Amino acid sequence: MNESYSIPTRNSRIQNPAVLREVSTARTVSSLLVVLMVAYTLFAMVQGLMSFSMNRIFGGLIALLLAYDFAMHLTRWRIFTACVISIIAVIGIGVFTTNVSDEVEFWIYFLCTLLMLSYLSRPGSLNSMVDACGRYRKLLVASIVVATALLAVLLLTRTGYVTSWGGGTYFEGLANTEHTMASISCILMAISLLSYKNGSFGKFGIFIVCTIASYAILQTGARTFLVPALLIWILVVNETIQRRWIRIAVVVVLAAAMAAMFATSGMANKFDYVGTVGGSGGADVFTSGRFGYWLTDLGAFFSGDAIHQLVGNSASFIYDLNQRMFMMRIWSHDDFIMVLCSTGYLGLCIYIVVLQGFFKSLSNAVHSWRFWLLFAYLMFPALFNGFYGYQHFVYSTVFIVCAMVARGDYLARK
């Protein structure tokens, strides 16, 4: 279906009361989502200072908003998938699981991601998000200025460094984990690009934010986020610099700077560490043991009976299996394998269909190489570590997509 992505202007005359209510509700939902995602990001940066996770509240509110929008736009397909997912969740949590906490955590992250992707896939929702980002452009700028300043202070004072992964030193700031800090850095880069596109942030500002955030990612040692950071840099350079030869010069300078920073970063320590550990072959070493996780988890899944293959073994099955085999209570480090083993063929099919719908809607709004860049931005973490399990990264994807769909001339007038 060919969907239009033109954004209604303030001068649009809509006489139908039902349509007016629909527009008003869509505007409210998108506005609240932007505000809550910003709050989620800021509180995640200082989580280490608090005994209670405020993001449980913000994340819960985001989930409720998305569930409300889902319920307000039901179709036969949505009703069918909701019923199937509900049945699988009830079986997993109530029958198969050996650890309710693991199960509930899996389903919270998985369902929130499905709802977010479904929301963005629905015609008009992406426009509503872009419009909301334009209305709240001052909030977005204020948030990245505050967050980047805090990030710079933490890096300069070497606050929030921990010892992990073979005795190396890695940066987690006040976010409690290195991967969370890397995800937050991706959000900051994404919002800075979006703010530039809507005319509220200059070239100098976006380069400062992206440089500090990239350095933070290098210090975290979370290698999965190197590729998303690189992809954002490609977008930043392409959007901010018009002349090709200047782009090339900037890329060379940035590459040299990143190489210099990499040599003394936590990321270099991580690469040194994974080169001395791991499995039985080159593939296992290259993937930091992931190849072994994948083979083990898939082998256990396919050895199960028809019912377990259809609806899965539960998420706790994977954690228990990897605990026994690798002495680590970890997930599969691949979205599709984890979803397959936890929710079976039915759950995996639904995840793939939702992803397909998201990318199909995105292809109508973003064209040529930018679409494939956004495809890689989501799929690389999904294949080599995890996408749905990092809600911070899910939100960074939302902001990146909005940045690519945003029309700077329109947003600058808002």
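How accessible is Arg370, and in which class does that place the residue? At 24% relative accessibility, Arg370 counts as partly exposed. Buried here means under 20% relative accessible area, exposed means over 50%, and partly exposed lies in between (1.4 Å probe, protein chains only). The structure is a predicted model, in which local features need pLDDT of at least 70, side-chain atom pairs count only at pLDDT 80 or more, and totals for chains, interfaces and linings use all residues. Residues are numbered from 1 along each chain as its sequence is written, and side-chain values use heavy atoms, with hydrogens and water left out.

The side chain of Arg370 meets that of Glu239 in a salt bridge, at 3.5 Å from N to O. Arg370 lies in helix H17 and Glu239 in helix H9 (residues 226-240), so the pair ties together parts that are 131 residues apart in sequence. Glu239 is buried, with a relative accessible area of 16%. A salt bridge is a side-chain nitrogen of Lys or Arg within 4 Å of a carboxyl oxygen of Asp or Glu. By this rule the count comes to six salt bridges. Helices (H or I, at least four residues) and strands (E, at least two) are DSSP runs, numbered from the N terminus.

A second salt bridge joins Asp102 and Arg329, with the closest N and O atoms 2.7 Å apart. This pair links distant parts of the chain, 227 residues apart: Asp102 is in helix H4, and Arg329 is in the loop between helix H15 (315-326) and H16. Asp102 counts as buried at 13% relative accessibility. Arg329 is partly exposed, with a relative accessible area of 34%.

Glu22 forms a salt bridge with Arg122, and here the closest N and O atoms are 4.0 Å apart. Glu22 lies in helix H1 and Arg122 in the loop between H4 and helix H5 (125-135), so the pair ties together parts that are 100 residues apart in sequence. Glu22 counts as partly exposed, at 37% relative accessibility. Arg122 is buried, with a relative accessible area of 13%. Through shared partners, salt bridges join Glu22, Asp69 and Arg122 into one network.

Pockets and cavities were located on a 1 Å grid over the protein atoms alone. A cavity is a set of points where a 1.4 Å probe fits but cannot get out; a pocket is an open set with protein on both sides within 12 Å along at least five of seven lines; lining residues have an atom within 4 Å of a point. Grid points are joined across faces, edges and corners, and a volume is the space filled by probe spheres set on the points.

The largest pocket has a volume of about 1,100 Å³. It is lined by 35 residues, of which Tyr40, Glu105, Tyr109, Gly389 and His392 are the closest to its centre. Helices H1 (17-45), H2, H4 (100-121), H7 (178-197), H16 (335-365) and H18 (391-405) each supply at least two residues of this lining. H4 gives the largest share, eight residues. The lining has 15 nonpolar, 15 polar and five charged residues. In these classes Ala, Val, Leu, Ile, Met, Phe, Trp, Tyr, Cys and Pro count as nonpolar, Asp, Glu, Lys and Arg as charged, and the others, Gly among them, as polar.

The second largest pocket has a volume of about 660 Å³. Of its 28 lining residues, Phe70, Trp77, Arg78, Ser118 and Val354 are the closest to the centre. Two or more residues come from each of H2, helix H3 (76-96), H4 and H16. The largest share of the lining of the second largest pocket, eight residues, belongs to H16.

The largest cavity has a volume of about 30 Å³. Its lining is made by Val38, Thr41, Leu42, Ser143, Ala147, Leu188 and Ile191. H1 gives the most to this lining, with three residues. By class, the cavity lining has five nonpolar, two polar and no charged residues.

Two further residues have backbone angles of note. Phi of Ser368 is near 55°, a positive value in a residue other than glycine. Ser368 lies in helix H17 (residues 368-384). Phi of Asn176 is near 80°, also positive in a residue other than glycine. Asn176 is found in the loop between strand S2 (168-171) and H7.
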